[in-house]
Amino acid sequence: MRRAHLAAWAVILGMGVTVAAGDDPAPRRPLLVTVDDLPVAGGGLHLDPAERARVTSDLLAVLAAHRVPAVGFVIWGQVKGEADRALLERWLAAGHELGNHTADHSDLGKVPLEAYLDDVERGRAGLAGLLAPHGRTVRFFRYPYLREGETAAKLDAVRSALEASGQRPLPVTVDNQDWSFERPWVEARRAGGQAALGRVGEEYQLALRLEVLTQTALGDELFGRPVPQVLLLHANEVGAAQWDALFSWLEGRGYRFATADEVLSDPVFADPPRFVGTHGPGLWTRIAHDRGRDKARAAVTGLLEEQVSAWNRGDLDAFCAVYADDAVFVTPSGLTRGREAVLARYRARYPTPEAMGTLTLEPVEVREAWGFEPNPFGDAQPSRVHAVSVVARWALTTADGAEASGLTLLVLHRVAGRWLIVQDASM
Ligand SMILES: [Zn+2]
């Protein structure tokens, strides 16, 4: 478990361990509150216009009480008639900014690119019409489910389209599952279950505080300084009831509610990572994941360079030290199992440094193997890099001038913190 997680759990469990945010009296850390799925989140849970108006009033009241300048993200297809337009007007009148969250809340990983771009534009155009009389434009975009594309081509195409239409993607650093508390909350309220409401509220607070602490520690660890945060919330009824306690807790831990322009001016947001994947974790998680991939790639390519050096100084022991005990070595002439057998095979074929000659190895392609795994809240997070495969071109020149070359496919696993070749197919 990461140290950051330990610190966060310790605070949540009341063990009195604190993280930097709480210890640092000044300056207070900027935090941007973003609110997704306007006018009212929760799909079919809130169809009654009076209930939608009440949830909106309650959300705006708590934002005002804590002087929070929020950015709300509108699903334009959820704006049902004049009553909902009036709710959005209230967000604007309260001084908040509205951004585009598409018309139909499409999942970029599940719809074709053209359909997604059309959804983005319908959302933008609808919202632009609402903002125009106020002299405002649509400046920000929020990807539904935070999913930015499961292919590099999709990711780049959507980014280009957003840039061309003047919309900046607004990242999330504190991703969480606040939306998942809405149904149990509303069902408990409708059933008149006070005890159940209390439990849902307590769990909401614990879950969100843990995410805030975890992501704060992770962001600070990545950049070596206190970095601003962007919190994701949803425009729902459980939020209307719970934000006051959450915001008070944030203030007590040294956070200061800041505008989008202030927070986004921090250089940590200048160069968003090109995170290609089926799911959408928070920004710090993406950056940490990219760094982990870079590190794994560098470790593996460095190891192969060392292995080539070992060969070229005639050190077969060192050359074979990077094979796992149970490595499998495959060539057109057969299969060899285990590092000792691989070493014996090389010894027999290359008895002297002269016979070994000079080796070069040119990587053609390097791929890291990783996937998404659920975190304790059931949210999909990218795993560590568990394996790396390398396709490389090898060439051998011996003292008598003979040359040989071919291709190899190497599979490396991290075994007890060390990268080792587990499979080698050379031809
Ligand atoms: Zn959404």
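Which helix holds both Arg122 and Asp118, and how many residues apart are they? Both sit in helix H5 (residues 113-131), four residues apart, or about one turn of the helix. More on that pair below, in the second view.

This is a predicted model, so local features need pLDDT of at least 70 and side-chain atom pairs count only at pLDDT 80 or more, while totals for chains, interfaces and linings use all residues. Residues are numbered from 1 along each chain as its sequence is written, and side-chain values use heavy atoms, with hydrogens and water left out.

**View 1. The whole chain.** The protein chain comes to 14 helices and 15 strands; these are DSSP runs numbered from the N terminus, with helices being H or I of at least four residues and strands E of at least two. Along the principal axes, the C-alpha atoms fill a box of roughly 90 × 50 × 40 Å. Of the 427 residues, 49% are buried (buried is under 20% relative accessible area, exposed over 50%, partly exposed in between, with a 1.4 Å probe and protein chains only).

View 2. The term stands for a side-chain nitrogen of Lys or Arg within 4 Å of a carboxyl oxygen of Asp or Glu. Arg122 is partly exposed at 36% relative accessible area, and Asp118 is partly exposed too, at 41%.

View 3. The structure holds 29 salt bridges, and one of them joins Asp84 to Arg52, with the closest N and O atoms 3.0 Å apart. Asp84 belongs to helix H4 (residues 81-93) and Arg52 to helix H3 (residues 49-65), so the pair ties together parts that are 32 residues apart in sequence. Both Asp84 and Arg52 are buried. Elsewhere, Glu51, Arg54, Arg189, Arg190 and Glu237 are linked in a salt-bridge network.

**View 4. The second largest pocket.** Its volume is about 690 Å³. Of the 29 lining residues, Asp37, His105, Tyr145, Trp179 and His234 come closest to the centre. Strands S1 (29-38) and S6 (229-234) each give at least two residues to the lining. By type, the lining splits into nine nonpolar, 13 polar and seven charged residues (Ala, Val, Leu, Ile, Met, Phe, Trp, Tyr, Cys and Pro count as nonpolar, Asp, Glu, Lys and Arg as charged, and the others, Gly among them, as polar). A pocket here is an open set of points on a 1 Å grid over the protein atoms alone, where a 1.4 Å probe fits, with protein on both sides within 12 Å along at least five of seven lines; lining residues have an atom within 4 Å of a point. Points are joined across faces, edges and corners, and the volume is the space filled by probe spheres set on them.

View 5. Val364 has its place in strand S10 (residues 358-369) and counts as exposed at 53% relative accessibility. With Leu407 and Met427, Val364 forms a nonpolar surface patch of about 280 Å² accessible area together (patch residues have over 30% relative accessible area and no salt bridge, with like charges joined within 9 Å and nonpolar side chains, Val, Leu, Ile, Met, Phe, Trp and Tyr, within 5 Å; areas are Shrake-Rupley with a 1.4 Å probe, and for residues only the protein chains shown count as cover). Glu365 and Arg367 form a salt bridge at 2.9 Å between the closest N and O atoms. Glu365 is partly exposed at 35%, whereas Arg367 is exposed at 51%.
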